[in-house]
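Please work through each task before reading its solution.

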Amino acid sequence: MKKLTTLLAATALASMMGTAAWSKTLVYCSEASPEGFDPGLYTAGQTFDASSRTVYNRLVEFKHGGTEVEPGLAESWTISDDGLEYTFKLRADVKFQTTDYFTPTRDFNADDVIFSFERQIREDHPWNKYVAGAAWEYADGMGFPQLIKSIEKVDDLTVKFVLNHPEAPFIADLGMDFASIMSKEYADKLAADGKLEQLNQMPLGTGPFTFVAYQPDAVIRYKANPDYFKGQEKIDDLIFAITTDAAVRAQKLKAGECHIMPYPNAADVADLKADPNLTVLEQPGLNVAYLAYNTQQAPFDKVEVRRALNMAVNKQPIIDAVFQGAAEVAKNPIPPTMWSYNNAIEDDKYDPEAAKKMLEEAGVKDLKMKIWAMPVSRPYMLNARRAAELMQADFAKVGVQAEILSYEWAEYLKLSREEDRDGAVIMGWTGDNGDPDNFLDTLLGCEAVGGNNRAQWCNEEFDKLVKAAKKSSDQAERTKLYEEAQVVFKREAPWMTIDHSVGFIPLSKKVTGFHMDPLGIHRFDGVDIAE
């Protein structure tokens, strides 16, 4: 069956490339299937690559290869003196894409902005639960329903956000994937036809590429948007060849079957660098990998147990085995390249004997637990199964019996959010906007419990610190608050922090204009390929 599936996928890819033989085609060997095509519903990178960074735009955008914000669908904005009102002047003459399944009759306007956000923050909105189990993880986890008092249409090309309190990272937040702008006209047509779920299956936006077709777990095809407001892309056809095995991705790249691949195996990097037809980009990742304990479930509700387990694991062998040294041991929940990183904090010392004693003093004997291992490669964790095996062996030395389990990636992400989840889950994060809030509040704040907060950890002291930091416009004050929050985090140990990795992107030397992104996204606007 596996060989048949592979053959079918290869045949589909060959067919799609064949139909575009006359055009300029870029093939990206993506690492996993998207969960859907509505970026507001999800948090995974492969979903954003396939949706928000191809089909959609946002009010503001991040410059290629950095975290600096620049105008997007909003050409300018003003902020009131009290920090409570953000007024955006929208671009005129921006067109939504024309597809086989919808032809727009009007240009982008303020109605689309209001629809895109209100559906995520208003529980009574008709689109709030349009797919089964809809969870607006980013909007909810970042407190947008509580933050945004109203979104007002001043006129067709002016929209005002009124906040309940100042929010320092608000503009940067609007450059994130969940803030992609949808077509209200398209949504209204789907609602009238009783086809709401199509919004998550057949996307339509203002972005550089128009969605054409998706064969699940095999191929996604896009074409250049001829009406793109920044001008039509140089690539005529963009193909995502979904290839979950990193070694197979590398083989395809070397064979010329794809032009760009993410997340190579660490052991393959030297060989890829030696290939005269390839270039390997690299940079320190704005990321962290961690093991999140479910702090609402015994015995992980005891800080002594969590700290003991942290002391039981020697993290350097994980760095050596999984990353071939292209990473560093993590001690904080934010990477060392990020402002407000608290370098004064000391990491948990590897001390199996002390760990064993601490477990005994906590009244925990013969502990059996589960370690959830991600089934896909991510920049912060190239091989979660291998990392879990090394943790399992270290836990055994202190009398803890660990079972490793996994699920298909979309299911893994869904089940790991549940508040009654058993055991500890290997997860990670790549920053979305360059602000510490995107790690500390998004992953560990009380509002993110049941969502991005996989530790299900709500600590009042920590939460007050990060919430206060969000409301201040003084970076020195924010830094002090975030440093204090990191002290609380380390003391309470909701995670075992594992690593901060170096990222690698191998690509064909025929490709120009592709930028490695510290935010972990893969963008194809501005990219070209030599024939």
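**Exercise 1: Strand pairing around Ile 371**

In this predicted model, Ile 371 has Ile 404 as its bridge partner in S15. Determine how strand S14 is joined to strand S15, and which residue stands opposite Ile 371 in S16.

*Solution.* Step one: strands S14 (residues 368-372) and S15 (residues 401-405) run parallel and are joined by five bridges. In S16, Ala 424 is the residue opposite Ile 371.

**Exercise 2: The pair of Phe 144 and Phe 170**

Classify the geometry of the aromatic pair formed by Phe 144 and Phe 170, and state whether Phe 144 is buried or exposed.

*Solution.* Step one: the model has 32 aromatic pairs. In the pair of Phe 144 and Phe 170, the centres are 5.8 Å apart and the planes are at 35°. Step two: stacked pairs have planes under 30 degrees apart and edge-to-face pairs over 60, so this pair is tilted. Step three: Phe 144 belongs to helix H5 (residues 144-147) and Phe 170 to helix H6 (residues 170-173), so the pair ties together parts 26 residues apart in sequence. Step four: Phe 144 and Phe 170 are both buried.

**Exercise 3: The aromatic cluster**

Which residues form one aromatic cluster with Phe 144 and Phe 170?

*Solution.* The cluster also contains Phe 48, Trp 77, Tyr 86, Phe 88, Phe 117, Tyr 138, Phe 161, Phe 178 and Trp 429.

Notes
Residues numbered from 1 in each chain as written. Predicted model: local features only at pLDDT ≥ 70, side-chain atom pairs only at ≥ 80, totals over all residues. Heavy atoms only, no water. Phe/Tyr/Trp six-rings, centres within 6.5 Å; stacked < 30°, edge-to-face > 60°. Helix = DSSP H or I, 4+ residues; strand = E, 2+ residues; numbered from the N terminus. Buried < 20%, exposed > 50% of the residue type's maximum accessible area, 1.4 Å probe, protein only. Pairing = 2+ DSSP bridges.
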